Amino acid sequence: MASGQLSRDKALECSSSRHACHVMLYSDTASQLFGRTPIKHIVLMQMRFDGLLGFPGGLVDPSEETLEEGLTRELLEELGVAVPVSVEDYVESRFAPSHPPTSSSSSSPLILHFYVKKIEEEQIREIEKAAASTAADHGLEVLGMVRVPLYSTKSHAGFSCFLSHSFIGNARSQLVDSLLRLHLVSPGELRRALRSSQR
Ligand code: APR
Ligand code: MG
Ligand code: MG
């Protein structure tokens with residue numbers, strides 16, 4: 001198992017830890033940018049209150065709710081839509097990368113649980129509409145939903161520029177690992193994007 005990673009069962013035995021669950025929601029799409037560049041897949045992330053990109057989700061208390069119930073509750077707050085997430089959508093659990101303690105941060109370790117769920121393009125549109133209007137966290141914890149551009153433009157912008165933004169915790173590697181695992185981008189496309197993002 002990769003460093004910092006632990007099984008769901010082991011993670012749940014860590015009763016002194018804090019737990020957070022986040023999900024990558026995505027769909028296929030036939031739409032084309034400028035009528036010529038296939039977009040292929042819609043992957044949803046969010047601009048958080050702290051100016052960082054992350055996945056929807058949040059802190060869950062396993063003594064009061066299952067991880068999936070907690071995640072579904074967080075999604076209702078942040079997206080304004082109940083998107084049921086189940087154990088079948090679970091990907092991995094790992095300890096959050098350690099960061100310097102601040103006066104407001106608790107000293108107990110944070111375990112991050114990650115999920116991926118494929119939905120219909122129509123549901124993506126509903127989520128975007130609700131997230132920008134009725135969601136309780138709109139304009140507060142969540143400044144807006146964003147789609148990840150997975151294509152490369154003629155000037156080598158697109159995916160590479162997106163990857164050069166700042167991400168919360170391990171959200172950037174959660175994104176890249178999921179895109180590769182689900183074949184939403186090829187290893188070659190990823191390599192080219194990473195090369196352009198370092199220019
Ligand atoms: N996406 C979002 N957050 C992540 C991710 C990810 N991919 N990976 C790790 N995190 C970490 C962040 O460090 C974050 O502080 O998980 C923590 C909890 O996730 P949030 O989504 O921020 O939690 P939420 O319950 O929605 O918000 C509650 O948590 O971030 C704090 O003070 C902030 O008021 C907020 C509170
Ligand atoms: Mg939240
Ligand atoms: Mg959150």
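Modeller: The discussion below sets the computed values for the ligands against the definitions in use. This is a predicted model, in which local features need pLDDT of at least 70, side-chain atom pairs count only at pLDDT 80 or more, and totals for chains, interfaces and linings use all residues. Residues are numbered from 1 along each chain as its sequence is written, chains are lettered from A and ligands numbered from 1 in the order in which they are written, and side-chain values use heavy atoms, with hydrogens and water left out.

Colleague: What makes a residue part of the surroundings of ligand 1, and how many residues surround it?

Modeller: A residue is near a molecule if one of its heavy atoms lies within 4 Å of it. On that basis 17 residues surround ligand 1, the closest being His22, Arg48, Leu59, Glu78 and Gln174. They divide into seven nonpolar, six polar and four charged residues, where Gly is counted among the polar ones. β7 gives the largest share of this shell, three residues.

Colleague: Why is the approach of Glu78 to ligand 1 called a polar contact?

Modeller: A polar contact is a pair of N or O atoms within 3.5 Å. A polar side-chain atom of Glu78 lies 2.9 Å from an oxygen atom of ligand 1, so the pair qualifies. For Glu74, the distance from a side-chain N or O atom to an oxygen atom of ligand 1 is 3.2 Å. A polar side-chain atom of Glu141 likewise lies 3.2 Å from an oxygen atom of ligand 1.

Colleague: How much of ligand 1 does the protein bury?

Modeller: Taken alone, ligand 1 exposes 640 Å², of which the protein buries 75%; the areas come from the Shrake-Rupley method with a 1.4 Å probe.

Colleague: What makes a residue a donor of the magnesium ion (ligand 2)?

Modeller: Donors are N, O and S atoms within 2.8 Å of the metal (3.2 Å for Na, K and Ca), and sites may look incomplete because water is not among the atoms. Glu74 (OE), Glu78 (OE) and Glu141 (OE) lie 2.1 to 2.8 Å from the magnesium ion (ligand 2), so they count as its protein donors. Their spacing in sequence is E-x3-E-x62-E.

Key:
Polar contact = N/O pair within 3.5 Å; in protein donor to acceptor, adjacent residues only side chain to side chain. Helix = DSSP H or I, 4+ residues; strand = E, 2+ residues; numbered from the N terminus.
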